[in-house]
Amino acid sequence: MRLLIPALLALTFVGCSCQRNAGDSGDATAPPAQPQTPETEAAPSAAQLRAQALEQRRDQAYTDAVDTLHLYLQRVGAGDRDAADKFWGYQRMPRGSEESDLRALKNLRGLRIQNQAPEPLDQEPVPELLRIPVDLRATLENGENRRYTGWYRLRRNQVEQRWELTGVLVAAKLQ
C-alpha cells in the first residue's frame, strides 16, 4: 500500500497519457469556437452608401472652390491681372474698394493665403454658392507687411463645370 500511494501521486502530477476521442464526453477542452461576426460589421446599406457619396461630393466641391480662390490670389500676387480676371464670373472685375489695394500692389514679394472653411450660402446638398473667409498677408519688396481680411464669394458655373468668383469684400487691416 505504501508503494501505491507514491505511484498514484506521481500519476496525478505527471498526468495520464491516455487520449480521448472527440466524441468522448469529459473534461477535454474543445477547440475555441470561431467568433460570430456581429451584424454591425455587415456591408453598408444603400442609404449609407448614398450618404457617403454625397459627403464626398460636398467635400470635393469645397476643395475645388478653395483651390480656385488660391489660384486666383496667386495670379494677383504674381501681377498677372489678365489671368486673374478670368476667374471672375459674369465678366465682372472687382472694384478697387472691394479688394482694397490688393490688385494695385506693384512691388509684391510674397502673398500668404489663409482661409477658413467655406460657408454654404444655399440649401443644396452639394453647395452651388459659397463664401470663403480669408486672411492675407502681403510682403512688399521694401520689407513692409500688409494684412488683409475679408471673404470671397464663389458660385459653381454649371455650364463650364468650374467655380467662379462673384463677390469680394477684403479690407486692409491696420496693425
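Trainee: Which residue takes a positive phi in the hairpin of E3 and E4, which has four residues between the strands?

Mentor: In that hairpin, Gly143 takes a positive phi near 90 degrees. Please note that this is a predicted model, in which local features need pLDDT of at least 70, side-chain atom pairs count only at pLDDT 80 or more, and totals for chains, interfaces and linings use all residues. Residues are numbered from 1 along each chain as its sequence is written, and side-chain values use heavy atoms, with hydrogens and water left out.

Trainee: How many bridges join E3 to E4?

Mentor: Two strands pair if DSSP finds at least two bridges between them; strands (E, at least two residues) and helices (H or I, at least four) are DSSP runs, numbered from the N terminus. Here, 11 bridges join E3 (residues 129-140) to E4 (residues 145-157), and the two strands run antiparallel. Within this pairing, Thr139 has Asn145 of E4 as its bridge partner.

Trainee: How does E4 pair with E5, parallel or antiparallel?

Mentor: In a regular strand, side chains alternate between the two faces of the sheet. E4 pairs with E5 (residues 162-173) in the antiparallel sense, over 11 bridges. Leu154 has Leu165 of E5 as its bridge partner. The hairpin of E4 and E5 has four residues between the strands, and Gln161 there takes a positive phi near 55 degrees.

Trainee: What pattern does the protein follow along the sequence?

Mentor: The protein has three helices and five strands, in the pattern α-α-α-β-β-β-β-β. Of its 175 residues, 28% count as buried (under 20% relative accessible area, 1.4 Å probe, protein chains only).

How values were computed. Buried means under 20% relative accessible area, exposed over 50%, partly exposed in between (1.4 Å probe, protein chains only).
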